[in-house]
Amino acid sequence: MPAAVSFQHVSRHFGQVKAVDDVSLDIARGEFFAMLGPSGSGKTTCLRLIAGFEQPTSGHIEIFGETAEGLPPYKRNVNTVFQDYALFPHMTVGENVAYGLMIKGVSRPEREAKALDALAMVKLRGFEQRRPSQLSGGQRQRVALARALVNQPKVLLLDEPLGALDLKLREQMQEELKALQKQLGITFVFVTHDQGEALSMANRVAIFNDGRIVQAGSPADVYERPRSRFVADFVGSSNVLPPDFAAAHGGTRAWTSLRPEKIRIVSPDEALPSGQFGIMGRVASVNYQGAMTRVAVDANGTRIAAALPAGLTAIQEGETVTLAWSADNLVAMDAA
Amino acid sequence: MRSERGATLPLKAAAIGGLLFLHIPLALIILYAFTTEEKSFQFPPPGLTLRWFQAAWFDRPDIWGPLWLSLQVAVLATLIALVLGTLAAAALWRARFFGKDSISLLFILPIALPGIITGIALRSAFDIMSIPFSTWTIVLGHATFCIVVVYNNALARFRRLSGSMIEASMDLGANGPQTFRHVILPQIGSALLAGGMLAFALSFDEVIVTTFTAGQQATLPIWMLNELIRPRQRPVTNVVALIVIAVTFLPILAAYYLTREGEHTGGSGK
């Protein structure tokens, strides 16, 4: 069975700029796939290549086994939720949602019924007579979602759809999107620069940098086993330990990632079990964050950040502490 | 103590004087359409009559040719301007290229240039290309400045359109013509209507460019000019002036109300 979306050595250059540079990837059917990366990393261009707004400079794209390059957007069974929603201001909400069906020539009663169903799916029943300008940001977002889903696309593309929403609404929409995706079984491809959003929603994450995919895998995989310093830094925060330091403290001679929450503080006289390593250092800063306290420790010139669960013994700046971690939590990376 | 909002007496007098200076001649034009005295404009008119309207309608077939020509030219020039002006605005709306500002200026130039320059330039161009003067040369001359008002109105409206809206339409299955019909046209329609009406009004009363591009034909304004030089039933000219006012003023008024809700643009008079 062919993949929902398949990129084979796809590049998209704008003059000298390699927006997408030799990207190969397979997105499985029914997957919730996140493209994560800083702005300008090529993730949005990849999405636009799937939608058909961009054509690859070189390489091959397949959507459900069919060659996609050369096909205009209106000949692809793919729909997009735009970052600015791109609702049509001169149409009612109902007409917006029914637009795709109207273009396909579906009869008026049928498309109106389907639009109502789609609006019910995004909990906007009763809003069909309103204009987009009369809706809140969150409601517009739902209309954009309904307008795309009513066409029963094979792949739904979402371009930073939650970017303009406030935090509470955002978390709520994350839950709803996830539930909707499970319920419909449609392949979702989601572009975001928010690593928390990507990790919490997606089945699989591809991390982009400079037009390339630097790592792809399940959220846990990407978080626990970053392959490069870029991934370790971009996905969550991490201590990147130099090769010599790592080799001396339980790791191998390579640039090594150690997540702050894998570090605990032990009493100086405590004997460390085998497989555990520790280092003494002076507390440089203490940052209380509610659920946890972040502590920066200066250990012989190496700055190590630790995230400690709240409620532990209070630690003061300037105090000398012993940090300990298990050798299993040291992740050797390919590149610096 | 002077009130903050009140203007000084001299300023008020100057304003009133200015308004009177502008509008008394207009009022006189209208008034003398009804005068009973044919040869000279004596004030006050010795009497009022509707006879000249009757005369214009029944006894003066020489009015109908120019009136018909003016309407024809205005309609054709407006149609050409609507198509070309909209296309130009659409092309320059989202494109980024070297020399974009210069090209934009070239579009607007015909309305900024004195009409006499446009007229002479077109006349020499027609001569060089051995194009005989006809209705079409007048239409082309008028189209040069009619395009500008449509272009300006359309561009202002295009700028308020989000680019992703067009992509959204394509994404939902609509091809180019469908997107134009269902998404773009409804949103720029009133701007085009307003631009078209202004263009029509500009063309309908144009004299200078017409003089240079018309050959033997006379449009209504040119006919009026000739009537003033060699008067026959003088008040009939005033009756025709009333018609011109009606034909140009109403579209401009309509254009004003159509664009008022949005931002107001449009070339001011030529």
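A: Start with a sheet, and with one rule: two strands pair if DSSP finds at least two bridges between them. Keep in mind that this is a predicted model.

Q: In what order do the 3 strands of the open sheet in chain A stand?
A: In general, strands of a sheet pair through backbone hydrogen bonds, either parallel or antiparallel. Here the order is 11-12-18 in chain A, and the pairing is antiparallel.

Q: Which strands stand at the edges?
A: Strand 11 (239–241) and strand 18 (331–332) of chain A do. Each has a single partner strand, so one side of each is left without a neighbour in the sheet.

Q: How many bridges join strand 12 to strand 18 of chain A?
A: Strand 12 (residues 256–258) is joined to strand 18 by 2 bridges.

Q: Now backbone angles. Which residue other than glycine has a phi near 50°?
A: The general idea comes before the case. Most residues other than glycine have a negative phi, and most peptide bonds are trans. F64(A) has a positive phi, near 50°. Look for F64(A) in the loop between strand 4 (58–63) and strand 5 (66–67) of chain A.

Q: Why does F64(A) count as partly exposed?
A: Count the neighbours. A residue is buried with 20 or more other C-beta atoms within 10 Å, and exposed with 12 or fewer. F64(A) has 17 C-beta neighbours inside 10 Å, so it counts as partly exposed.

Q: Where is Q152(A) found?
A: Q152(A) sits in the loop between helix 4 (137–149) and strand 7 (155–159) of chain A. Its phi is positive, about 45°, although Q152(A) is not a glycine. Q152(A) counts as partly exposed because it has 14 C-beta neighbours inside 10 Å.

Q: Is G105(A) buried or exposed?
A: Exposed, because G105(A) has 8 C-beta neighbours inside 10 Å. G105(A) lies in the loop between helix 2 (93–104) and helix 3 (108–121) of chain A. For a sense of scale, take G105(A) and G301(A): they are 196 residues apart in sequence and 70 Å apart in space, C-alpha to C-alpha.

Q: How many residues of helix 1 of chain A are buried?
A: Helix 1 (residues 43–51) of chain A is mostly covered, with 9 of its 9 residues buried. The buried residues include K43(A) and R48(A), along with L47(A), L49(A) and I50(A). Just after helix 1, G52(A) takes a positive phi of about 105°.

Q: Next, cores. Which residues touch the most other members of the largest nonpolar core?
A: Think of a core as buried nonpolar residues joined through C-beta atoms within 7 Å. The largest one has 98 residues. I50(A), A146(A), V189(A), F190(A) and I207(A) touch the most other members. Helix 2 of chain A gives the largest share, 7 residues.

Q: Why does this core lie between domain 1 and domain 2 of chain A?
A: Domain 1 (5–231) and domain 2 (237–332) of chain A both give residues to this core, so it lies between them. The centres of the two domains, taken over C-alpha atoms, are separated by 39 Å.

Q: Which residues does I207(A) touch?
A: Leave out residues up to four places away in sequence. Among the contacts of I207(A) are then L36(A), G37(A), I213(A), V222(A), V231(A) and F234(A).

Q: How many helices and strands does chain B have?
A: Chain B comes to 11 helices and 0 strands. Of its 270 residues, 34% count as buried. The C-alpha atoms of chain B fill a box of roughly 75 × 70 × 30 Å along the principal axes.

Q: What does the contact take from chain B and from chain A?
A: Read an interface side by side. The contact takes 15 residues from chain B and 17 residues from chain A. On the chain B side, helix 7 (163–171) and helix 8 (176–204) each give two or more residues. Helix 7 of chain B gives the largest share, 6 residues. By type, the chain B side divides into 7 nonpolar, 6 polar and 2 charged residues.

Technical notes: Residues numbered from 1 in each chain as written. Chains lettered and ligands numbered in written order. Predicted model: local features only at pLDDT ≥ 70, side-chain atom pairs only at ≥ 80, totals over all residues. Helix = DSSP H or I, 4+ residues; strand = E, 2+ residues; numbered from the N terminus. Domains from an automatic or database assignment. Contact = placed C-beta atoms within 7 Å. Nonpolar A, V, L, I, M, F, W, Y, C, P; charged D, E, K, R; others polar.
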